[in-house]
Amino acid sequence: MKYIDSHCHPNNADLRGEAAAVFERARAAGVLKMGVIGSDLADSIEAVEMSRTYAEYGLFPVVGVHPHEARTMPDAVAPELLELAQSPEVRAWGEIGLDYFYDFSPREVQQSCLIAQLEAAKALNKTVVFHVRDAYDDFWKLMTPDLTPEHAVLHCFNGSAADAKRALELGWKIGFTGMITFKSAQALRDIAAALPLESILCETDSPYMAPVPFRGTRNEPCNVPLVYRKIAEIKDLDLDDAVDQIWKNNMEFWGFEVNE
Ligand SMILES: [Zn+2]
Ligand SMILES: [Zn+2]
């Protein structure tokens, strides 16, 4: 089976030092593509460099400024980031959004950082990777016709059924992490059960969000099959069929050629 981890952070300090071993373990687990996601400028540069250095593992970079880092990068669309985003291998702009759970950056700064990046993504015709936590009211208010991206994913989804419905109406994807395996996440499983499989992506968000039975430990892309397995179980599908369909979802979403 061919798995894709659509969202991970091997460029994070927790994984970077043993990147080659992390990618080897991923490949051994059948994870043949991985989206390497940026959180600020330095981290985005690293995502691109890592994807070049370890090209044989099927990495693809995504660049942008995370709401946590908005306060350190008030100029979220610095010229270096704009230039980086135009590198041919960069598949999307992200992760960007609002995080009112941690509030590491002031909310107004998070919002202006998000708006500036949405404008840039639109100008460059880029797919968008969203991070939204406890902030959907403000998030949807910001989604004016001018700013709403045509292609986007709500990564590490933990919103409501209404949020998921709204994303589907826009033609966006919903990304599920190991959170969906947590005992406390029944509401999330109910939402996943009702979604069309075509709208779903599976991800680790490693080094965070390790699925059961590894909850609380450092996560890695090699654990993404556990997320697929849970999706198949929830939706009462054969694992092979679910994995095949989600592979197709990813190929189309990130703009890969079928045999890439
Ligand atoms: Zn995130
Ligand atoms: Zn992330």
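How many strands form the open sheet, and in what order do they stand? I looked this up before anything else, keeping in mind that the model is predicted.

I found 8 strands in an open sheet, in the order 1-2-3-4-5-6-7-8, and the pairing is parallel. I then looked for the edges. Strand 1 (3–8) and strand 8 (200–202) stand there, each with a single partner strand, so one side of each has no neighbour in the sheet. From one strand to the next I noted a twist that averages 25 degrees.

I took one pair for a further look. Strand 2 (residues 31–37) pairs with strand 3 (residues 59–63) in the parallel sense, over 4 bridges. For Met34 I looked up the bridge partner in strand 3, and it is Leu59.

**Entry: helices on the sheet**

Next I asked which strands helix 5 touches. Helix 5 (residues 107–123) packs on the sheet and touches strand 4 (92–99) and strand 5 (127–133). The direction of helix 5 makes about 155 degrees with that of strand 4.

Helix 9 also packs on the sheet, and I listed strand 1, strand 2, strand 7 (173–176) and strand 8 as the strands it touches. Its direction makes about 145 degrees with that of strand 8.

**Entry: helix 9 against helix 10**

Two packed helices are described by the angle between their axes and the distance between the axes. I looked up both values for helix 9 (residues 224–234) and helix 10 (residues 239–254): the axes come within 9 Å and cross at roughly 115 degrees. Angles of 65 to 115 degrees count as roughly perpendicular, and helix 9 and helix 10 are therefore roughly perpendicular to each other. I noted the crossing of these two helices as right-handed.

Which residues meet there? From helix 9 I wrote down Tyr228, Arg229, Ile231 and Ala232, and from helix 10 Leu239, Ala242, Val243 and Ile246. Sorted by class, this contact has 7 nonpolar residues, no polar ones and 1 charged residue.

Most residues other than glycine have a negative phi, and most peptide bonds are trans. I looked for exceptions.

A cis peptide bond joins Gly94 and Glu95, with omega about 5 degrees. I placed Glu95 in strand 4, a strand that helix 5 touches. Another cis peptide bond joins Val212 and Pro213, and here omega is about 10 degrees. Pro213 is in the loop between strand 8 and helix 9.

For positive phi I noted Asn125, at about 60 degrees, although this residue is not a glycine. Asn125 lies in the loop between helix 5 and strand 5. Asp236 is not a glycine either, and its phi is positive at about 55 degrees. I found Asp236 in the loop between helix 9 and helix 10.

Is Asn125 buried or exposed? I counted 9 other C-beta atoms within 10 Å of Asn125; with 12 or fewer a residue is exposed, so Asn125 is exposed. For Asp236 the count is 8 other C-beta atoms within 10 Å, and this residue is exposed by the same cut-off.

**Entry: Pro74**

Last I looked at Pro74, in the loop between strand 3 and helix 4 (79–85). Pro74 has 13 other C-beta atoms within 10 Å, so I noted it as partly exposed. Ala116 is 42 residues away from Pro74 along the chain, and their C-alpha atoms are separated by 9.8 Å.

Note on methods. Residues are numbered from 1 along each chain as its sequence is written. Chains are lettered from A and ligands numbered from 1 in the order in which they are written. This is a predicted model: local features need pLDDT of at least 70, side-chain atom pairs count only at pLDDT 80 or more; totals for chains, interfaces and linings use all residues. Axes are lines fitted to C-alpha atoms, for helices over the stretch in contact, and angles run from 0 to 180 degrees between N-to-C directions. Angles under 35 degrees count as roughly parallel, over 145 as roughly antiparallel, 65 to 115 as roughly perpendicular and the rest as oblique. A crossing is left-handed if the near helix is turned anticlockwise from the far one by less than a right angle, and right-handed if clockwise. Two residues are in contact if their C-beta atoms, placed from the backbone, lie within 7 Å. Ala, Val, Leu, Ile, Met, Phe, Trp, Tyr, Cys and Pro count as nonpolar, Asp, Glu, Lys and Arg as charged, and the others, Gly among them, as polar. Two strands pair if DSSP finds at least two bridges between them. A residue is buried if 20 or more other C-beta atoms lie within 10 Å of its own, exposed if 12 or fewer, and partly exposed in between; C-beta atoms are placed from the backbone.
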